[in-house]
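I opened a new model today and went through it from fold to side chains. My entries follow.

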Amino acid sequence: LKVIKKNIVKKCLEMFADIQENQEDYKKFYEQFSKNLKLGIHEDTANRTKIAELLRFHTSKSGEELISFKDYISKMKEGQDS
């Protein structure tokens with residue numbers, strides 16, 4: 001059962017990454033499953049970094065739009081501490 005669980009989680013993360021490529025589809029997905037992703041960050045330590053890439057955050061400059069942490073860091077000013 002552990003092998004089945006591992007393979008299902010792996011396949012789901014791959015599908016989420018595919019959905020992430022289309023911003024409109026991912027926005028719909030994220031509205032429905034953001035709580036589950038945030039819970040998964042705490043419960044699944046083995047896949048924490050992969051799940052973290054799926055999270056989106058509000059920023060002071062993004063307005064209503066949610067952005068990934070990777071995008072946030074890329075838009076930081078030079079010399080700004082992260």
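**Entry 1: fold.** I read the order of elements first: from the N terminus the chain runs α-α-α-α. I count four helices and zero strands. The assignment takes DSSP runs numbered from the N terminus, with H or I of at least four residues for helices and E of at least two for strands.

**Entry 2: ground rules.** I am working with a predicted model, where local features need pLDDT of at least 70 and side-chain atom pairs count only at pLDDT 80 or more, while totals for chains, interfaces and linings use all residues. I number residues from 1 along each chain as its sequence is written, and side-chain values use heavy atoms, with hydrogens and water left out.

**Entry 3: confidence.** I looked up pLDDT, the predictor's confidence in each residue, from 0 to 100. The chain averages 89, and 96% of the residues score at least 70.

**Entry 4: overall numbers.** I get a C-alpha trace that spans about 45 × 30 × 20 Å along its principal axes. I put the accessible surface at about 7,100 Å², with 54% of it on carbon and sulfur atoms. That area comes from the Shrake-Rupley method with a 1.4 Å probe; for residues, only the protein chains shown count as cover. Of the 82 residues, 23% count as buried. The cut-offs are under 20% relative accessible area for buried, over 50% for exposed, and in between for partly exposed (1.4 Å probe, protein chains only).

I also checked contacts (heavy atoms within 4.5 Å). Of those with a separation of 6 or more, 33% join residues 24 or more positions apart.

**Entry 5: charges.** I find 16 positive and 14 negative side chains, with the centres of the two sets 6 Å apart. Lys and Arg count as positive, Asp and Glu as negative; His and the chain ends are not counted. Each charge is placed at NZ of Lys, CZ of Arg, CG of Asp or CD of Glu.

**Entry 6: aromatic pairs.** I used this rule: rings of Phe, Tyr and Trp (its six-membered ring) pair if their centres lie within 6.5 Å, and planes under 30 degrees apart are stacked, over 60 edge-to-face, the rest tilted. The rule gives six aromatic pairs. Y26 and Y30 have ring centres 6.0 Å apart and planes at 35°, so I log them as tilted. Both sit in helix α2, four residues apart, about one turn of the helix. Y26 is buried at 4% relative accessibility, and Y30 is buried at 5%.

F69 is partly exposed at 47%, and Y72 is partly exposed at 35%.

Which residues do ring pairs link into a cluster? I list F16, Y26, F29, Y30 and F33.

**Entry 7: two loop residues.** I looked at L54, in the loop between α3 and α4. Is L54 buried or exposed? I find L54 buried, at 3% relative accessible area. Beyond residues up to four places away in sequence, L54 touches L13, F16, A17, Q20, Y26, Y30 and L37. L54 and K38 are 16 residues apart in sequence, with C-alpha atoms 9.4 Å apart.

N47 came last, in the loop between α2 (23-43) and α3 (48-52). N47 is buried at 15% relative accessible area. Leaving aside neighbours within four places in sequence, I see N47 in contact with V9 and L13.
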